[in-house]
Amino acid sequence: MQRRRHIWQKLGDLSAGLAPDPSPDGLKWRMASPPDIEALGELMLSAYRGTLDDEGETPEQACDEVRRFFDRASGSAEKSASVVAEHDGKPVCASLCCQWDGGGRVPAGPLIAYVVTAPAYQGRGLGGSAVARSLRALTLAGRTRTYAFITDGNHPSEATFRRLGFDTLTD
Ligand SMILES: CC(C)(COP(=O)(O)OP(=O)(O)OC[C@H]1O[C@@H](n2cnc3c(N)ncnc32)[C@H](O)[C@@H]1OP(=O)(O)O)[C@@H](O)C(=O)NCCC(=O)NCCS
């Protein structure tokens, strides 16, 4: 069965309603960049494994996807809004933001293209913290809208984005 993906958006003050960041000890946040492609590909594979969005991608396909992401994240706002958390020298969570033309359905704007947390680190608020960092960076860059695509029934993702002030667009 092909599940539907919905557009979610947050408009206005993108920093509104964000809780302080829970940052477990030993976690280091920084901007994501192309040298992270391989490690982020691995992180994506592990995070999506067994979820509704798992299409059985190979490590090479996951890296290609991350590489394509960096090609679209060329604006400075999107670069500063793409963050990764490292633990023991490995990325364990990331929120990656790129430009989106709106697909003829909505005005163009930044898109939180990926938010992923390694399975062993899920349930500690890291995913929400990563997206909150992206939203703060977009606010600093003067952005007042941002989007995400969420597959119908992806409850962890829906909970994360709803808590941060996103709403689903009905279509
Ligand atoms: C979505 C995702 C990034 C959330 O990351 P996270 O670090 O676990 O985020 P949080 O700890 O803030 O938890 C978010 C929600 O996930 C759910 N959740 C987290 N860990 C869970 C676990 N082990 N079992 C069940 N539900 C869990 C909870 O419902 C939580 O919402 P709540 O705080 O309102 O109860 C993570 O689940 C993930 O990587 N999923 C696979 C990739 C994906 O689907 N990305 C989103 C695409 S838009």
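Trainee: How do the residues of the shell around the ligand divide into nonpolar, polar and charged?

Mentor: The model is predicted; local features need pLDDT of at least 70, side-chain atom pairs count only at pLDDT 80 or more, and totals for chains, interfaces and linings use all residues. Residues are numbered from 1 along each chain as its sequence is written. Ala, Val, Leu, Ile, Met, Phe, Trp, Tyr, Cys and Pro count as nonpolar, Asp, Glu, Lys and Arg as charged, and the others, Gly among them, as polar. On that basis the shell around the ligand holds 10 nonpolar, 11 polar and three charged residues.

Trainee: Which of the 24 residues around the ligand come nearest?

Mentor: A residue is counted when its C-beta atom, placed from the backbone, lies within 6 Å of the molecule. Of the 24 residues around the ligand, those that come nearest are Thr117, Gln122, Gly123, Gly127 and Pro156.

Trainee: Which element gives the most to the shell around the ligand?

Mentor: Helices (DSSP H or I, at least four residues) and strands (E, at least two) are numbered from the N terminus. At least two residues of the shell come from each of α1 (37-48), β5 (109-117), α4 (126-140), β6 (145-151) and α5 (155-163). With six residues, the element that gives the most is α5.

Trainee: Is α1 parallel or oblique to α2?

Mentor: The axes of α1 and helix α2 (residues 59-72) are 8 Å apart and meet at an angle of about 120°. Angles under 35 degrees count as roughly parallel, over 145 as roughly antiparallel, 65 to 115 as roughly perpendicular and the rest as oblique. The angle therefore makes α1, relative to α2, oblique.

Trainee: Which residues of α2 make the contact with α1?

Mentor: Contact requires C-beta atoms, placed from the backbone, within 7 Å. From α1, the contact is made by Ile37, Glu38, Leu40, Gly41, Glu42, Met44 and Leu45. By class, the contact has nine nonpolar, one polar and three charged residues. The residues from α2 are Pro59, Ala62, Cys63, Val66, Arg67 and Phe70.

Trainee: Is Glu57 buried or partly exposed?

Mentor: Glu57 lies in the loop between α1 and α2, and touches Leu45 and Ala62, not counting residues up to four places away in sequence. A residue is buried with 20 or more other C-beta atoms within 10 Å of its own, exposed with 12 or fewer, and partly exposed in between. Because Glu57 has 17 C-beta neighbours inside 10 Å, it counts as partly exposed.

Trainee: Is Ala108 buried or exposed?

Mentor: Ala108 is placed in the loop between β4 (90-100) and β5. Its C-alpha atom is separated by 9.3 Å from that of Tyr147, 39 residues apart along the chain. Because 12 other C-beta atoms lie within 10 Å, Ala108 is exposed.

Technical notes
Axes are lines fitted to C-alpha atoms, for helices over the stretch in contact, and angles run from 0 to 180 degrees between N-to-C directions. Two residues are in contact if their C-beta atoms, placed from the backbone, lie within 7 Å.
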